[in-house]
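The structure comes next, followed by the notes.

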Amino acid sequence: MLIVILIYLLLPFSIFADSNIDGQTVTFTQFINEMAACTKYTTFENVKIRYKMPDDKEGMDKRFNGGEPELFINQSIRLVNCDFDVDYWLVLRNVTFNDYFAIANSSPLKIIFKECTFKKTLRIYNSNIDFIDIDSSKLEHGFKFFRNDVKDRLTLKHCYISVNQSLFGDTDALDMEPRLFRFANKQNGFDVEITECVFSLPDNLRNNPQFFLSLTESDFKNLSLTGNVFNCTVDLSESTVGNAFVTNSCEYNGSLVLDAFNINPINTRVQWSTVAGNRIAIFDHKAGKVYNGNHAGSIGSEVRFASLISCYANFYNAFKSQGNRIAANACYVEWKDIETKYLDKQYSSGVDKSVFFNYLMNVFLKTFCDYGTNPLKAIQIAFYVLLFFAGIYFFFPYSILSFHKRSMFDQLKIYGKYLSSPKSLLEIEDSVIAKENKTPTYDEYMSFVT
């Protein structure tokens with residue numbers, strides 16, 4: 001039975017044709033032309049690609065510098081154990097791949113895709129890479145990049161990444177299931193930069209973990225997410241950024257999953273306004289659900305609550321270490337709001353009645369001073385309270401029962417006498433004025449003040 005299963009899994013890789021240049025040394029231009037000339041699913045294996053003047057100067061370089069018509073590669077292409085020139089780059093511009101394109105076990109990859117279109121999945125795995133830059137390109141059925149050894153970087157700039165639902169089930173090849181963006185790196189950390197890209201998903205796939213923008217369980221040297229539109233959930237759980245993590249000017253229209261996300265607080269640059277609003281979340285693999293501050297009452301599990309709070313603590317500590325008190329306070333307020341909802345749930349559900357006063361204190365502190373982060377709010381509230389009671393005392397005079405029965409007008413009359421007399425206040429209290437029983441009229445009082 002096991003043998004039958006293995007044969008079935010390997011079958012898709014045994015039915016495509018070998019290329020005409022397997023085991024040969026060819027120029028970059030010849031290599032590109034061979035891919036474009038394929039009439040069926042083809043594997044290029046053990047091909048050595050070398051830069052040669054003037055062929056590649058006239059062919060590949062001229063195409064990359066612009067002016068050449070769009071090149072179509074219509075068949076599914078797979079590169080296996082290909083050996084590229086150590087000094088020159090594979091540069092492709094204005095090329096459309098109408099079928100699957102995969103690179104495996106090849107080295108050293110130095111590739112630039114510019115203004116290219118991938119109608120189906122682009123997949124790169126198990127290769128030795130110097131760098132790969134994808135610029136102003138469309139990846140219409142996802143991108144997968146995993147188990148690669150990278151020296152320098154992976155960058156995506158001005159790209160559009162989506163999935164095509166009409167292609168679901170299009171292939172039964174091993175590990176070719178549809179994904180939006182799947183990245184995995186457990187080897188040496190390297191730089192990943194995603195700038196001004198749009199990640200688009202149909203609404204019915206937004207909550208499906210298979211179509212998260214997945215950067216999980218990976219090591220990064222630097223990770224930069226700048227100016228992107230994420231119409232999907234971004235999953236960074238269990239990943240580590242050794243140096244700088246940057247996210248700014250991004251539009252997160254889904255959740256940002258950060259449980260067990262490890263960053264360097266000093267070199268973290270997060271624009272809080274783009275991740276605020278309960279976008280920070282955790283993913284429960286057992287339940288298959290994303291939990292964030294909007295679902296704090298349904299978190300239930302102490303473990304899930306602790307995981308979510310640790311995500312906020314991660315950013316809060318980064319803001320504090322950089323002296324960014326404004327962002328730190330805003331992060332802390334959202335953090336405490338989640339805690340308040342959790343305490344309310346714990347008490348109202350009967351799980352822990354002892355948290356009631358903690359819950360009340362949180363509600364009071366939120367109202368009075370935003371959990372201690374906004375002392376000016378407390379002063380403002382105190383001022384309004386004083387103003388309110390001052391109005392009551394001014395417009396509704398009453399008799400003072402201590403020492404002498406005296407209205408507010410009587411008391412003001414004494415203070416007025418004190419200010420216009422060399423006598424002390426105690427002497428005036430004992431004077432005839434202080435012993436008057438008749439309350440003056442308003443006209444009499446105004447005459448006295450004048």
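Gly 59 sits in the loop between helix H3 (55-58) and helix H4 (60-64); helices here are DSSP runs of H or I with at least four residues, strands are runs of E with at least two, and both are numbered from the N terminus. With a relative accessible area of 23%, Gly 59 is partly exposed. The class boundaries are under 20% for buried and over 50% for exposed, with partly exposed in between (1.4 Å probe, protein chains only). The C-alpha atoms of Gly 59 and Ile 32 lie 9.4 Å apart, while the two residues are 27 apart in sequence.

## Basis of the model

The model is predicted, and local features need pLDDT of at least 70, side-chain atom pairs count only at pLDDT 80 or more, and totals for chains, interfaces and linings use all residues. Residues are numbered from 1 along each chain as its sequence is written, and side-chain values use heavy atoms, with hydrogens and water left out.

## Salt bridges

A salt bridge requires a side-chain nitrogen of Lys or Arg within 4 Å of a carboxyl oxygen of Asp or Glu. The count by this rule is 18. Glu 58, Lys 62 and Glu 68 are joined in a network of such bridges.

Asp 130 pairs with Lys 110 at 3.7 Å, N to O. Asp 130 belongs to strand E14 (residues 128-135) and Lys 110 to strand E11 (residues 109-114), so this pair ties together parts that are 20 residues apart in sequence. Asp 130 is buried at 17% relative accessible area, and Lys 110 is buried at 6%.

In the bridge between Lys 377 and Asp 370, the closest N and O atoms are 3.0 Å apart.

## Nonpolar surface patch

A nonpolar patch on the surface consists of Val 385, Phe 388, Phe 389, Ile 392 and Tyr 393, which together have about 480 Å² of accessible area. Patch members have over 30% relative accessible area and no salt bridge; nonpolar side chains (Val, Leu, Ile, Met, Phe, Trp, Tyr) are joined within 5 Å, like charges within 9 Å. Areas come from the Shrake-Rupley method with a 1.4 Å probe, and for residues only the protein chains shown count as cover.

Phe 389 lies in helix H10 (residues 375-395). At 42% relative accessibility, Phe 389 is partly exposed.
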